Amino acid sequence: PLRKGMRLALASGTARIIKLSEQDRSISLMGPLGGIHNLDVLADSSDDLFPLLNAGDLVNFRLIQPVAVQIKKASIAQTQANPTAKSQPLLSDAVTEQGSLKAELLQSFEIMKGPSSSLWGSGAIGGVVVQNTIEVNDIIQEGNNSGGFIKQGYQDNGDAWTTTGSYATKYKDFDALVAGTYKNSDGMDQGNGDTLYGTEAINKTLLTKLGWNLDKHQRLAVQYRHSDLNGHPPTVGSSDNQENSSDALIDRLVKDTNVAIDYTHQGSSDLLNLNAKLYVNNTNNKEINTFDGTDKSDVKTLGMNLFNQFNFGNTKVLLGLDGYQDTIEVSRAVDSNSATGNRPEPPTKAETKVWGTFTTITHDINTQWQVEAGVRFDSFDTKSKDTGTSADETALSPSAAVRWKTTDWMSWT
């Protein structure tokens with residue numbers, strides 16, 4: 001297909017296959033900087049991987065566009081589609097082979113703009129970004145029972161060292177994954193050579209997952225996530241010389257823990273595509289301010305999600321229920337030397353309860369056009385035990401949308 005005088009593009013990298021044609025041996029790829037479409041694949045007959053490729057595979061490639069001269073599966077196995085993500089306007093898989101180290105623990109992310117994001121919960125009013133962490137099958141290559149990776153990075157500005165690693169294993173109907181990151185950074189230098197105080201920090205994260213396939217339709221999973229941040233941010237975030245001082249820093253310790261139990265039932269019936277989740281969050285924030293006082297805030301969250309999708313040919317009906325309870329305890333230090341007075345005293349014990357139910361109906365007119373209608377009811381109640389104040393409210397929120405899928409990788413809503 002190459003000819004004299006033809007303009008060529010030379011490239012190599014990592015991307016995900018979004019379209020594949022066995023008839024003319026062509027693929028379309030989507031990488032972090034955009035898409036490459038209708039790429040003819042050439043390979044030696046003794047090392048031809050084209051028959052093994054599938055849409056969604058993450059591949060390493062070398063190309064002289066419009067011809068791919070080498071295609072190999074990437075070291076991270078293909079992801080499994082999120083069963084609930086297909087109904088969302090935009091699902092973008094994160095290409096992690098050459099991405100940032102933080103992205104190594106992400107399988108995909110979903111972005112939804114506007115009020116229709118309220119289907120994700122009462123706190124998602126103007127939009128939502130959902131980050132889906134990696135699963136066992138993202139780490140283990142096909143045909144193996146275990147796998148893992150480790151990466152080390154260094155940035156000279158700030159003397160920052162970052163380590164990311166993961167290990168996964170399978171045994172019969174059980175699987176397990178453990179992953180983590182560690183980053184230690186010092187003060188960064190500005191363009192003029194001055195130190196930007198407040199950029200030094202130690203950040204640690206841990207992610208573990210245990211899964212049990214009860215049968216071919218049912219799965220039970222448990223997830224534990226913990227993050228630990230030890231930082232020294234400024235009291236007022238600025239690079240201005242007047243405020244960029246080592247004397248204007250506070251010590252901030254943040255510990256965040258999440259435990260979730262997830263049950264799914266998929267595929268046994270068009271009327272039963274169930275997902276149920278129970279989760280607990282615990283966030284502890286401790287700050288030692290410039291006058292050596294200590295501020296503390298603890299937020300504990302207990303929540304649940306329950307939804308089921310009914311499939312009627314080209315029409316899908318999603319019915320759901322979700323809710324959570326926040327318990328907040330706050331204490332602030334008093335600066336006896338303050339000439340302007342101290343900050344307002346917050347409620348030391350407060351509780352918030354939120355629950356909602358929703359339904360959305362999606363109909364595929366054809367392969368490109370889709371219409372959607374939904375409605376959500378929310379109830380909000382909050383009170384402070386020490387101040388005796390309270391507030392409550394309910395709301396009914398309808399929504400409607402028309403979606404146009406222009407290509408395999410873009411849709412307009």
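This is a predicted model: local features need pLDDT of at least 70, side-chain atom pairs count only at pLDDT 80 or more; totals for chains, interfaces and linings use all residues.
Residues are numbered from 1 along each chain as its sequence is written, and side-chain values use heavy atoms, with hydrogens and water left out.

Strands here are DSSP runs of E with at least two residues, helices are runs of H or I with at least four, and both are numbered from the N terminus. Ala-391 counts as partly exposed, at 38% relative accessibility, where buried means under 20% relative accessible area, exposed means over 50%, and partly exposed lies in between, with a 1.4 Å probe and protein chains only. If we leave aside residues up to four places away in sequence, Ala-391 touches Phe-380, Asp-381 and Thr-382, contact meaning heavy atoms within 4.5 Å. For Asp-381, ten residues away along the chain, the C-alpha separation from Ala-391 is 5.9 Å.

Arg-403 also lies in strand β22, which covers residues 390–407, and Arg-403 is buried, with a relative accessible area of 7%. Its side chain is joined to that of Thr-413 by a polar contact of 3.3 Å; such a contact is a pair of N or O atoms within 3.5 Å, where within protein one must be able to donate a hydrogen and the other to accept it, and residues adjacent in sequence count only if both atoms are side-chain atoms.

Let me turn to the nonpolar cores, each a set of buried Ala, Val, Leu, Ile, Met, Phe, Trp, Tyr and Cys residues joined through side-chain atoms within 4.5 Å. The largest has ten residues, among them Leu-105, Phe-149, Ala-168 and Leu-207, and the elements that give two or more residues to this core are α1 (136–139) and β11. A second, separate core has eight residues, including Ile-27 and Leu-53.

Finally, a search of the whole structure finds four aromatic pairs, meaning rings of Phe, Tyr and Trp (its six-membered ring) with centres within 6.5 Å, where planes under 30 degrees apart count as stacked, over 60 as edge-to-face and the rest as tilted. The rings of Phe-174 and Trp-212 have centres 5.5 Å apart and planes at 15 degrees, so this pair is stacked. Phe-174 lies in strand β11 and Trp-212 in strand β14, so the pair ties together parts that are 38 residues apart in sequence.
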